[in-house]
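Hello,

My notes on it follow; read them with the model open.

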Amino acid sequence: MIHVIKRVALIVVAVVATGLFYTVPAAAQATRTWISGVGDDANPCSRTAPCKTFAGAISKTAGGGEINCLDPGGFGGVTITKSITLMCDMTESGVLVAATNAIIVNGSGVVVQINGLDIEGLGQTGVAGVNGIYFLNGASLTVRNTKIRGFRNGYGINFAPSANATLVIDNVQISESGIGSSSATGGILISPAAGITAQATITNTQVVNNINAGLRIDTIAVGAATAASAVVSNSVFANNTTGIQLKAPPGSGPARLMLANSVVSGNSTAGIVSNGTTSVGRVGGTVITGNGNALTLSAGGVLYSYGNNQLDGNTVDSAFTLPVIPTH
């Protein structure tokens, strides 16, 4: 009997000791999570128990995973610090903010995709949003099938990476952003930090009715290694203050543009501006009409034509620097 009691006592001691060193594992993150207009952020974000917001779902989604929208809803702003995809192509999915940024990307080396969102900055109110998408750090950002409007206190997309990064914009509409009291606002900004390279590809996109530049490619962060470039095709820049602006201050690296098969029209000040000796634009197959100045070249900036553009009907039909003769 004494032996039995001793054995039980030893087992109890062992169990208690084990409990002292046991740590409950953290809740597992799913590679695919779900949000719904009628969800709840207390849920696990599964298909049958979805979350309510992007902010609620992102903490339950593994890096490199995907958040899917089940049905229409307003899903709130979010700060992204890990690789993730927001996939909402099949339903009406909104992000509405006032006086702040809607989506911030700020994570070393992250790869982010944003698809199928309606991002509203309340530009007709007195508390308009700042930036629709604000990219501060990461490896790449892709935005597809998305509408961004009303960010009067910043840009529709503000791409300002602190490490070398790429931007892809495909089938996106950006409108009603920018404010006259600040030239550092508008439709799209590509402006890397000093010594950083930012490369953008823009296709099938409409940038319209913005104050200041529809697209601004800017190496204002001085440093010869700083470089910003954009390849733009099948896109429209209309009814902005300036359609497209290249700006490379003295001592900075190049601001480059390749523009093809697009329309630059109805911009009140200028269609395309190239400002600075390392600001270089090449344009082909593009209609440039109905602007104030068709082209504005200053401080040594250049704009080359492939000879197949349609430039007329502007207040001033200014000329390209010189034609480019394609090689075959």
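This is a predicted model: local features need pLDDT of at least 70, side-chain atom pairs count only at pLDDT 80 or more; totals for chains, interfaces and linings use all residues.

Strand E15, residues 197-203, and E13 pair in the parallel sense over six bridges. E13 also pairs in the parallel sense with strand E16, residues 206-208, here over three bridges. In that pairing, Ile 174 has Val 207 of E16 as its bridge partner. Strand E11 is another partner: nine bridges join E11 (residues 140-149) to strand E13 (residues 165-175), and the two run parallel.

Next comes a sheet. How many strands form the open sheet, and in what order? There are nine, in the order E4-E7-E10-E12-E14-E17-E20-E23-E26, and their pairing is parallel. Two of them are edge strands, strand E4 (78-80) and strand E26 (293-298), and each of these pairs on one side only. On average, neighbouring strands of this sheet are turned by 10° against each other, with direction ignored.

Within this sheet, look at E20 and E23. Strand E20 covers residues 242-247 and strand E23 covers residues 270-275; they run parallel and are joined by five bridges. Gln 245 has Val 273 in E23 as its bridge partner.

Strand E23 also holds Ser 274. Is Ser 274 buried or exposed? Its relative accessible area is 0%, and buried means under 20%, so Ser 274 counts as buried. Leaving out residues up to four places away in sequence, Ser 274 touches Leu 246, Ser 279, Val 280, Thr 296, Leu 297, Ser 298, Gly 301, Val 302 and Leu 303. As a general point for reading strands, side chains in a regular strand alternate between the two faces of the sheet.

Where is Thr 48 found? Thr 48 lies in the loop between strand E1 (30-35) and helix H2 (54-58). The relative accessibility of Thr 48 is 76%, and exposed means over 50%, so Thr 48 counts as exposed. Thr 48 and Ile 35 are 13 residues apart along the chain, and their C-alpha atoms are separated by 10.0 Å.

Regards

Conventions
Residues are numbered from 1 along each chain as its sequence is written. Side-chain values use heavy atoms; hydrogens and water are left out. Helices (H or I, at least four residues) and strands (E, at least two) are DSSP runs, numbered from the N terminus. Buried means under 20% relative accessible area, exposed over 50%, partly exposed in between (1.4 Å probe, protein chains only). Two strands pair if DSSP finds at least two bridges between them. Axes are lines fitted to C-alpha atoms, for helices over the stretch in contact, and angles run from 0 to 180 degrees between N-to-C directions. Contact means heavy atoms within 4.5 Å.
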